[in-house]
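Me: I have just opened this one and would like a short tour. Can we start with the ligand?

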Amino acid sequence: MQDQFTTTGIKATISDQELNRIEQLAAEITCPLPLPEEKKQQLVAEISDLLEQQDAVLVAHYYVDDDLQELALKTGGHVADSLEMARFGHDHPAQTLIVAGVRFMGETAKILNPEKRVLMVEDEATCSLDLSCPIDRFSEFCDANPDRKVVVYANTSAEIKARSDWVVTSGIALDIVRHLHQQGEKIIWAPDRHLGDYIQNETGADMLLWGGVCVVHDEYRSVELQQMMKQYPDAMVLVHPESPRSIIQLADVVGSTTGLINAVQQSDAKRFIVATDRGIFYKMRSVAGDKELLEAPTAGKGASCVSCGHCPWMAINTIQKLHDILKHGGKAIEIDSNIVEKAIIPIQRMLDFAHQREVDMKIRGDA
Ligand code: SF4
């Protein structure tokens, strides 16, 4: 946590000590070694049969390892950001959704598909943003600021979503906050302080920010990135807005996972420096195989395991684990029906907003 965070809206919602403890948790995860090719092929063949037999579909996030993304596509599943994962699960007829990603993605899928069975490839996979925002403390924070709309990022627990007015993903956060700001609303934002800071700067909205960070994006460093930019002056710099402000300021494009993939596909540039989890390279290569992708530099001096540019919780999703839950059964995600009823409201609000935005863009002809 070396880059200074200077926004005035931030509250002491989570201490450095707690953030360090979460970072430590991430650093203690042992990332699995790749499987021998023969073993992998054997598991892939068995998984394909088991998915069919169990009326199950695999939905994977862009940050999980290539093997799982490839398998999801090969078996009629989907690879996407968290919102599209849930939407796909909703539209797909399979009765079981298997989520390769982290816990909040499985929960969102369950909230949107309460009648379906939702399994995680890896039950232990969580997210530092989710961990940084416990419901009791967050509720107190909201209660202490009752005049503000509560806007939370998708990377939160079902309980936090249930306590919010709006759930947003990084792809739509700017538009929703801008809309609220235009209506004269003041905002509580949680849990990612860097994304909140970026949105605050872009929209001018009055926002109180929770203090959480993503352990992956928080590790990008501006000095090292500037050196890399000098080394590759023709490279376009793509940055996910969970990164610190000092990194965002160096970006040619700031965007969600889907936004950054589109940038690689649509830009004339031939080389890109990418500041987001390197799992995304699989999708970027599949849409623009002729382009060169470079990982943005992480922590430099003082680098730790979480400075590798790959989320440790995403990394523990494996083909072997997927095989095991299909073969021996996994624990389905259960969420209290009270929470589901409340959490669906702010999620649906976002989906309706997104739908209306798409309609508006088509009418204006800029879709
Ligand atoms: S990459 Fe960051 S935001 Fe995404 S799941 Fe991992 S810790 Fe959470």
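Me: How do the residues of the shell around the ligand divide into nonpolar, polar and charged?

Reply: They divide into 10 nonpolar, 2 polar and 2 charged. Here Ala, Val, Leu, Ile, Met, Phe, Trp, Tyr, Cys and Pro count as nonpolar, Asp, Glu, Lys and Arg as charged, and the others, Gly among them, as polar. This is a predicted model, where local features need pLDDT of at least 70 and side-chain atom pairs count only at pLDDT 80 or more, while totals for chains, interfaces and linings use all residues. Residues are numbered from 1 along each chain as its sequence is written.

Me: Which residues are closest to the ligand?

Reply: Cys127, Ser128, Cys214, Val216 and Cys311 are the closest of the 14 residues that surround the ligand. A residue is near a molecule if its C-beta atom, placed from the backbone, lies within 6 Å of it. Two or more shell residues come from each of α6 (128–131) and α15 (312–315). Helices are DSSP runs (H or I, at least four residues) and strands likewise (E, at least two), numbered from the N terminus.

Me: New topic. What domains is the chain divided into?

Reply: Domain 1 (16–28 + 129–215 + 340–361), domain 2 (37–127 + 315–335) and domain 3 (217–307). The bounds come from an automatic or database domain assignment. The ligand shell draws at least three residues from each of domain 1 and domain 2.

Me: How many residues of domain 2 are in contact with domain 3?

Reply: 8 residues of domain 2 are in contact with 8 of domain 3, where contact puts the two C-beta atoms, placed from the backbone, within 7 Å. On the domain 2 side, these are 4 nonpolar, 1 polar and 3 charged.

Me: And strand β1, buried or exposed?

Reply: Strand β1 (residues 56–61) is largely enclosed by the rest of the structure, because 6 of its 6 residues are buried. Buried means 20 or more other C-beta atoms within 10 Å of the residue's own, exposed means 12 or fewer, and partly exposed is in between, with C-beta atoms placed from the backbone. Ala56, Leu58 and Ala60 are on one face, and Val57, Val59 and His61 on the other.

Me: Which way do β1 and β3 run?

Reply: They run parallel, joined by 5 bridges; strands pair if DSSP finds at least two bridges between them. Leu58 stands opposite Ile98 in β3.

Me: Last one: why does Val340 count as partly exposed?

Reply: Because Val340 has 18 C-beta neighbours inside 10 Å. Val340 lies in helix α17 (residues 337–364).
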